[in-house]
Amino acid sequence: MENMYLVCLIIVFIVAIVETILSSTWNKHYFSHGIEIFKKSIPVSNLDNASHKISEFVNNLDKQKGFSNYKGADLDDNVFAFQKKLITIGTSRNGLESIHGTISIDSETRAIRIKGFVGYSFLSLMIYIFIFFLLDSDLVSALIIVSILSLLSYWFESRRYKKLTTEITNLINS
């Protein structure tokens with residue numbers, strides 16, 4: 001049974017290392033695919049102006065009020081990525097968040113699409129915690145603990161996604 005814990009923990013670390021590499025290299029696939037937990041579409045009239053404003057906003061995300069723990073980059077034409085910084089110095093706020101995603105401008109529908117994904121390392125950690133409590137206790141306890149942790153994380157993350165959506169809406173309407 002100890003081997004099972006060790007194997008699961010090694011898998012969590014491997015997933016975290018791979019995710020760190022993908023996020024630090026701004027891998028387009030990592031930011032565009034995954035377990036989607038947030039999706040919002042914002043209509044826009046002037047696509048060029050919106051693209052310029054969003055590019056400036058995303059590339060200076062860590063200088064924006066309320067987003068100092070985040071960073072962003074251009075992935076492609078009219079596709080921008082954002083994520084929480086791997087290392088934040090001098091702050092412990094928003095420690096449960098593991099947000100990352102894309103902001104894209106869809107010229108066909110004249111809309112800005114914001115998508116947010118849960119981190120694979122967070123998902124693997126929840127599976128590890130589930131297995132740990134399942135083997136040490138029972139199914140109900142394991143489900144309750146993982147559900148509470150997942151819901152807390154989702155609550156913190158959804159607040160940040162909503163704040164990002166509000167900022168972008170205000171930005172393109174100004």
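Trainee: Is tryptophan 26 buried, exposed or partly exposed?

Mentor: A residue under 20% relative accessible area counts as buried and one over 50% as exposed. In this predicted model, tryptophan 26 has a relative accessible area of 21%, so it is partly exposed. Phenylalanine 31, at 0%, counts as buried.

Trainee: How are the rings of tryptophan 26 and phenylalanine 31 arranged, stacked or edge-to-face?

Mentor: Planes under 30 degrees apart count as stacked, and those over 60 as edge-to-face. The structure holds seven aromatic pairs. In one of them, tryptophan 26 and phenylalanine 31 have ring centres 5.1 Å apart and planes at 15 degrees, so this pair is stacked. Ring pairs also join Trp26, Tyr30, Phe31 and Tyr120 into a cluster.

Trainee: What is the geometry of phenylalanine 57 and phenylalanine 67?

Mentor: Their ring centres are 6.1 Å apart and their planes lie at 80 degrees, so the pair is edge-to-face. Phenylalanine 57 belongs to helix α3, while phenylalanine 67 sits in the loop between α3 and β2, ten residues apart. Both phenylalanine 57 and phenylalanine 67 are buried. Lysine 163 lies over the face of phenylalanine 67, 5.5 Å from the ring centre.

Trainee: Which span should α3 have at 1.5 Å a residue?

Mentor: The expected span is 1.5 Å times one less than the number of residues. For the 13 residues of α3 this gives 18 Å, and the end C-alpha atoms are 18 Å apart, which agrees.

Notes:
Residues numbered from 1 in each chain as written. Predicted model: local features only at pLDDT ≥ 70, side-chain atom pairs only at ≥ 80, totals over all residues. Heavy atoms only, no water. Helix = DSSP H or I, 4+ residues; strand = E, 2+ residues; numbered from the N terminus. Phe/Tyr/Trp six-rings, centres within 6.5 Å; stacked < 30°, edge-to-face > 60°. Buried < 20%, exposed > 50% of the residue type's maximum accessible area, 1.4 Å probe, protein only. Lys NZ or Arg CZ within 6 Å of the ring centre and 35° of its normal.
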